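Hello,

Here is the model I promised to pass on.

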Amino acid sequence: MNIQAMMKQAQSLQRDMLNAKKEIDAMSFVGESSLVKVTVSGDKKVTKVEISNKDTLESDDLDMLEDMIMVALNDAFNKVDTETEKKMGKFANIPGLF
């Protein structure tokens, strides 16, 4: 294989990687715990936080609520990472790309 063909293949692979990343960035992922639902974009930006049963919460429950929000965020981010690995994993064995 000549160097020109290798360069074309590398450029094509780079385009495929960028397209896969754009596709992931455009997706939404939802993380949930018992009272909290968090929506994040594929680039890990929180786009929405929903708290169920707001009227039933008292100030004593704030610490518990913070923990639930953290669990929901981590759940959503794990889903982003899983999708990224699924779509981008095929590129991982190519030296020098990451």
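Predicted model: local features only at pLDDT ≥ 70, side-chain atom pairs only at ≥ 80, totals over all residues.

**The middle strand and its surroundings**

Strand E2 is joined by five bridges to strand E3 (residues 46-51), and the two run antiparallel. Residues are numbered from 1 along each chain as its sequence is written, and side-chain values use heavy atoms, with hydrogens and water left out.

E2 and E3 make a hairpin with four residues between them, and Lys44 in that turn has a positive phi of about 65°. On this side, Val38 stands opposite Val49 in E3. Strand E1 (residues 28-32) is also antiparallel to E2, with five bridges joining them, and that hairpin connects through three residues. Here Gly31 stands opposite Val38.

How much of E2 is buried? Five of its six residues are, so E2 is largely enclosed by the rest of the structure. Buried means under 20% relative accessible area, exposed over 50%, and partly exposed in between (1.4 Å probe, protein chains only). Ser41, in E2 (residues 36-41), counts as buried because its relative accessibility is 11%. Leaving aside residues up to four places away in sequence, Ser41 touches Asp25, Met27, Phe29, Thr47 and Val80, where contact means heavy atoms within 4.5 Å.

The largest nonpolar core has ten residues, including Val36, Val38, Val40, Leu65 and Met68. Such a core is a set of buried Ala, Val, Leu, Ile, Met, Phe, Trp, Tyr and Cys residues joined through side-chain atoms within 4.5 Å. E2 and helix H2 (62-88) are the elements that give two or more residues to this core, and H2 gives the most, with five. Val36 has contacts with Leu65, Met68, Ile69 and Ala72, among others. A second, separate core of five residues includes Ala20, Ile24, Met88 and Phe91.

For the overall picture, the protein chain has two helices and three strands, in the order α-β-β-β-α along the sequence. Of its 98 residues, 22% count as buried.

Best wishes

Terms used. Pairing = 2+ DSSP bridges.
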